[in-house]
Amino acid sequence: MFIISIVMILWEIFMNKETQSFQAETKQLLDLMINSIYTHKEIFLRELISNASDAIDKLRFLSLTQPELLGNDEIFEISIKSDDSSKTLTISDNGIGMNRDDLIQNIGTIARSGSKNFLKQMQENSSAELELIGQFGVGFYSAFMIADRVIITTKKAGETDAFKWESEGTGVYTIEPATKDTHGTEITLYLKKNEENSEDETWVDYTESHTLQNLIKKYSNFIRYPIRMEVEHTEYQKNEDGSYKYDAEPTTERKIETINATKPIWLKDKKEIEQSEYNEFYKSEFHDWVDPLEVVHSKAEGTLEYRLLLFIPKKAPFDFNSNQFKKGVKLYSKNVYIMDRCETLIPDYYKFIKGLVESSDFSLNLSREVLQQNRELKVIAKNIEKKIHDTLLYMLQNEREKYDEFWNEFGKNIKSGIYSDFQAKDKLSDLLIFFSSNDSTKKVTLDEYISRMPEEQEFILYATGKDIESIEKMPQMESIKDKGWEVLYFVEKIDEFITNNLTEYKGKKLKSVSHGEFSVGDSVTKEKEDEMKPILEAIKTALEGKVSEVKLSNRLKSSPVCLVSGKNGISLNMEKVLKDYDAFVPKADRVLEINPNHKLFEVMTKIKDSDESRFKTYSNLLYNQALISEGIIPEDTSSFISQISELMINTVSE
Ligand code: ADP
């Protein structure tokens, strides 16, 4: 054994072959792939073909400035070859290729955020494998679901040395010099055999020509480069009258053919494209595992000619809310890829949009800096924004269920646009929907809200809270409901922030039901106010420093008290939200409102002069009740608890 090892090492040195270990994460991923029982292993082909197409894209782009990288009359293509006797499948491209460092960097380590996320999800939920493989695709490594040995032979464009990378998916791989005439990459898969897979019901023979053709059509039809493979044609001999000669042997001919459509889908006429074609293109081009929610495909003609093919996804990608996420659409000029994510074309609030823009007017040498200033791009960006807005508005007005699905996933982005982009706020506010007191299971638009407003109702009313239930229990809701006024439920943290920018909609001001300046019923009479003044003053003194004002309320029905926000400072809800972010929190201006018709108020009047200490305790209890109904924990919980206990004891002993 020892001698064999020594001989192998010497052989490797002689052959200039080196053995390297996979990075720990890669090894983990490979183990998963090798033992995978995922039923749609076929996605491996989609992954390898998209890598090949990306590699050609890269070379095509570089060759714009370095034409010497290409051979004479070079035709870009991806070729698939299968060999039934050795059970191998080879996918080749004449793209950019890889050198030794590229192989170590790109294949030996996991850099791709998709694969990293896949592993993270797997660690968190080990039973999730089946779903997740489909979701992430996991790129090159998916080859190990169907192969037990993979050989990559590759040569980087512009370089002279070629390399062979080989691995059985175990802990190590080898790299050695190789011979290859042309630049590009050839990946040979040694397919797992049926007898080894007799237990595996997902086993498929991937050397079978029809299987391969179907898979290419299904997943890679709109790859821009021809995917070519040998196809067998059987010709039945015919009689002179055109009928078949059933007794004659048919002739078979093998021909290399292009299997995919190759014409870019965005160049086709919209009317000629089936929804399923858009779906498959989207999934293979933008690495998604579910169909898009909506497709926007349009063509602009005139001084500036371009085509847009945009998609609204159903689900946000896993890194959507992380700093790593990059918005943008792909750019093509004369169908040549020039950029993966052009950020300037998509505003932040539509960052979920995936897609591409093609125009023969773009210069092929657009640099990032030039892009920022590019006048044509600015025009296109404006149009993209309008197209997305119109599409969403149409969906909102005509396909509400679909819109709800969109909203649940990306509504926060629209809201953050209103909050952070002053110029966009008016347009985006058309797209807002909220639950409301009209029907707490159905969201309403601001237009629908306004159409139901009774004449005497001045404001668009909203109430903030952690959920619908707590809003519905708010003391101030009762009398508003009695009035028949509708209230929008602001249950997301960002909701109240948007009112900083969106103060009114179509001439109607937005107002919180907890705002001190808003009142529901007839205002309290002057006489009543004068009569109650001493007791209100006394409560304020008892609550020294806690509230800025104590006043009579006309918005309460059965509750004794409520807290509302005063004129100065932030609102109570905002104080709560900011506390969650551990931010420096200025205290909200608190106004305690008292229900003049409540029995407790009589009690307070009674004890005001006779029992000063009890008056103070009761004032605090009232204040704390009001805090609790706003969802705020009393500042001094222990004294609040002891005050209640004492109250119970006293009630019984009195
Ligand atoms: P992804 O393609 O999403 O980056 P993969 O794991 O499939 O992830 O591939 C890792 C990297 O290996 C690619 O980013 C690319 O740099 C390189 N690569 C894979 N296939 C090829 C190929 N056919 N030609 C050139 N480079 C390739």
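**Reading the buried parts of a predicted model**

Author: Let's start with strand 23 (residues 590-594), which is mostly covered: five of its five residues are buried. Strands here are DSSP runs (E, at least two residues), helices are runs of H or I (at least four residues), and both are numbered from the N terminus. Buried means under 20% relative accessible area, exposed over 50%, and partly exposed in between, with a 1.4 Å probe and protein chains only. This is a predicted model, where local features need pLDDT of at least 70, side-chain atom pairs count only at pLDDT 80 or more, and totals for chains, interfaces and linings use all residues. Residues are numbered from 1 along each chain as its sequence is written, and side-chain values use heavy atoms, with hydrogens and water left out.

Reader: Which residues of strand 23 lie on one side and which on the other?

Author: In a regular strand, side chains alternate between the two faces of the sheet. In strand 23, Arg 590, Leu 592 and Ile 594 are on one side, with Val 591 and Glu 593 on the other, and all are buried.

Reader: Which strand pairs with strand 23 in the parallel sense?

Author: Two strands pair if DSSP finds at least two bridges between them. Strand 21 (residues 549-552) pairs with strand 23 in the parallel sense over four bridges, and Glu 549 stands opposite Val 591. Strand 22 (residues 561-565) runs antiparallel to strand 23, joined by five bridges; here Val 561 stands opposite Ile 594.

Reader: Now the core. Which residues touch the most other members of the largest nonpolar core?

Author: In soluble globular proteins, nonpolar side chains tend to be buried together. A nonpolar core is a set of buried Ala, Val, Leu, Ile, Met, Phe, Trp, Tyr and Cys residues joined through side-chain atoms within 4.5 Å. The largest one has 75 residues, and Leu 345, Tyr 350, Leu 392 and Phe 406 touch the most other members. Helix 10 (residues 375-398) gives the largest share of this core, nine residues. Domain 2 (292-404) and domain 3 (432-512) both contribute residues, so this core lies between them; the domain bounds come from an automatic or database domain assignment.

Reader: What does Phe 406 touch, leaving out residues up to four places away in sequence?

Author: Contact means heavy atoms within 4.5 Å. Beyond those sequence neighbours, Phe 406 touches Leu 293, Ile 312, Phe 352, Leu 392, Met 395, Gly 411 and Ile 414.

Reader: How many aromatic pairs are found in the whole structure?

Author: A pair of aromatic rings is described by the distance of the centres and the angle of the planes. Rings of Phe, Tyr and Trp (its six-membered ring) pair if their centres lie within 6.5 Å; planes under 30 degrees apart count as stacked, over 60 as edge-to-face and the rest as tilted. A search of the whole structure gives 28 such pairs. Tyr 349 and Tyr 350 are edge-to-face, at 4.9 Å centre to centre with 75° between the planes, and both are buried. Phe 352 and Phe 410 are stacked, at 4.5 Å and 25°.

Reader: Which parts does the pair of Phe 352 and Phe 410 tie together?

Author: Phe 352 lies in the loop between strand 13 (336-342) and strand 14 (354-358), and Phe 410 in helix 11 (residues 400-420), so the pair ties together parts that are 58 residues apart in sequence. Phe 352 is buried at 2% relative accessible area, and Phe 410 is buried at 0%.
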